[in-house]
Amino acid sequence: KRIVVLISGTGSNMQAIVDACEKQQINGEVVAVIANKETAKGLGKAADRGIATHALSHKAFDSREAYDAELQALIDTYQPDLVILAGFMRILTADFTRHFAGRMLNIHPSLLPKYKGVNTHQRALDAGDKEHGVSVHFVTEELDGGPVVLQAKVPVFEGDTGDDLQARVHEQEHRIYPLVVKWFCDDRLALGAQGVELDNQPL
Ligand code: GRF
């Protein structure tokens, strides 16, 4: 399967997925990594591994629609089977999400439906939550609202800072995202009319 990954920053999830493809744990290949910022650290890491990279800055566009249309066209040149959002910090237009419906995944650092949006680790701490975690979901037009495929939970300890929690969550991200991508690339995972299907069974 052909995979395009979108990032805005470090790209550690992107790297975890590239690693799993190289080890043939995932039956797929990351054919391009695209960032909305030239400064995204993950771009250099992907280029070092021989992957095509693009920085498509949103700053050069007048509207969200115009940017997303250009991004969609760029992604489509790679004819991907799967588009992966891995720390891509943009709100997506409905047209864009519809175009990639059923073939776009996101990872969100909370136990959805809790804490959609940003600052999830601090919000979990502020709420006094005893557990926190991360979710992989299909992308729909509702921000962080698409059907969840897999979650991992982590404990919240007394005295944890946001950074502690983030590090604990990141470890789990690097486990569950490659696993979900593997399921998709093995044709085991799909978004059906009733929601997520794994091995043709509703989740
Ligand atoms: C991750 O915490 C992910 O859940 C969130 O953005 C972060 C990206 O981290 N959506 P990285 O760039 O993959 O290291």
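Let's start with helix 1, residues 12-22, where the buried residues are Asn13, Met14, Gln15, Ile17, Val18, Ala20 and Cys21. Buried here means that 20 or more other C-beta atoms lie within 10 Å of a residue's own; exposed means 12 or fewer, partly exposed is in between, and the C-beta atoms are placed from the backbone. An α-helix has 3.6 residues a turn, so residues three or four places apart point the same way. Keep in mind that this is a predicted model, in which local features need pLDDT of at least 70 and side-chain atom pairs count only at pLDDT 80 or more, while totals for chains, interfaces and linings use all residues. Residue numbers run from 1 along each chain as its sequence is written.

What do the buried residues of helix 1 pack against? Their partners are strand 1 (2-7), strand 2 (29-35), helix 2 (41-48), strand 4 (82-85), strand 5 (104-108) and helix 6 (162-185). After helix 1 comes Gln24, which has a positive phi, near 60°.

Now step back to the protein chain, which has 6 helices and 10 strands. These are DSSP runs, numbered from the N terminus: helices are H or I with at least four residues, strands are E with at least two. The C-alpha trace spans about 50 × 40 × 35 Å along its principal axes. For 203 residues, a compact globule would have a radius of gyration near 17 Å, and the 16 Å of the protein chain agrees with that. That radius is taken over C-alpha atoms, and the globule rule is 2.2 Å times the number of residues to the power 0.38. Of the 203 residues, 37% are buried. Among contacts with a separation of 6 or more, 64% are between residues 24 or more positions apart; a contact means C-beta atoms, placed from the backbone, within 7 Å.

Next, the inside. Nonpolar side chains tend to be buried together in soluble globular proteins. Here the largest nonpolar core has 52 residues, and Val5, Ile17 and Ile84 have the most contacts inside it. Helix 6 gives the most to this core, 8 residues. Such a core is a set of buried Ala, Val, Leu, Ile, Met, Phe, Trp, Tyr and Cys residues joined through C-beta atoms within 7 Å. Leaving aside neighbours within four places in sequence, Ile84 touches Ile3, Val5, Leu6, Ile17, Leu105 and Val181.

Then there's the ligand, surrounded by 15 residues, the closest being Thr10, Ser12, Asn13, Gly87 and Pro109. Helix 1, strand 5 and helix 6 are the elements that give two or more residues to this shell, and the largest share, 3 residues, is from helix 1.

UniProt, in an unreviewed entry, lists Gly11, Ser12 and Asn13 for "binding site". Such annotations may be inferred rather than shown by experiment, with feature names shortened and positions in the numbering used here. Gly11 sits in the loop between strand 1 and helix 1. Why does Asn13 count as buried? Because it has 26 C-beta neighbours inside 10 Å. Beyond four places in sequence, Asn13 is in contact with Ala86, Gly87, Ile107, Glu173, His174 and Tyr177.

The unreviewed UniProt entry also lists His108 for "active site". His108 lies in strand 5 and is buried, with 24 other C-beta atoms within 10 Å. Setting aside neighbours within four places in sequence, its contacts are Val134, Ser135, His137 and Asp144.

Conventions:
Contact = placed C-beta atoms within 7 Å. Near = placed C-beta within 6 Å.
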